[in-house]
Amino acid sequence: QVQLVESGGGLVQAGGSLRLSCAASGNIFSFNTMGWYRLAPGNQRELVAALTRGGSTDYADSVKGRFTISRDNAKNTVYLQMNSLKPEDTAVYYCNADYYGSSGAPLRTSWGQGTQVTVSS
């Protein structure tokens, strides 16, 4: 099983920036897609940003141009740089990883515990 540990959340004023980190550890052969989701009170969980093994990215329309997802393969860490934050970005952000534990193993998914991001107006 792969463990994902997020960090970098906190309280920031509107217009500010935060960088979230998600460090993966455990039995990892290779990653497929890694991404960030968020869950705000009263809302459904939504995909914020995703990064495929090939380097393609996908972003929610609401964060395009403000958020950037990146990955450090040597550190098994994925980042979410969040700029020009808005109060509506307030949510718990979760890291997700689709991975193979070994060659020929089925694709599995793992979730982090979540990190709170609060943007004040």
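Both cysteine 22 and cysteine 95 are buried. The exercises below concern a predicted model.

**Exercise 1.** Determine how many disulfides the structure holds, and which parts of the chain are tied together.

*Solution.* 
1. A pair of cysteine sulfur atoms counts as a disulfide when the two lie within 2.5 Å.
2. The sulfur atoms of cysteine 22 and cysteine 95 are 2.1 Å apart, and the two residues form a disulfide.
3. The count by this rule is one disulfide.
4. Cysteine 22 belongs to strand β3 (residues 18–26) and cysteine 95 to strand β9 (residues 91–100), so the pair ties together parts that are 73 residues apart in sequence.
5. The link between cysteine 22 and cysteine 95 is left-handed, with -80° about the S-S bond.

**Exercise 2.** Describe how strand β7 and strand β8 are joined, and identify the bridge partner of arginine 71.

*Solution.* 
1. Strand β7 covers residues 67–72 and strand β8 residues 77–82; the two run antiparallel.
2. Six bridges join strand β7 to strand β8.
3. Arginine 71 has valine 78, in β8, as its bridge partner.
4. The hairpin of β7 and β8 has four residues between the strands.

**Exercise 3.** Asparagine 76 is not a glycine, yet has a positive phi. State where asparagine 76 lies, and whether it is buried, partly exposed or exposed.

*Solution.* 
1. The phi of asparagine 76 is about 50°.
2. Asparagine 76 lies in the loop between β7 and β8.

Notes. Residues are numbered from 1 along each chain as its sequence is written. This is a predicted model: local features need pLDDT of at least 70, side-chain atom pairs count only at pLDDT 80 or more; totals for chains, interfaces and linings use all residues. Side-chain values use heavy atoms; hydrogens and water are left out. Buried means under 20% relative accessible area, exposed over 50%, partly exposed in between (1.4 Å probe, protein chains only). Two strands pair if DSSP finds at least two bridges between them.
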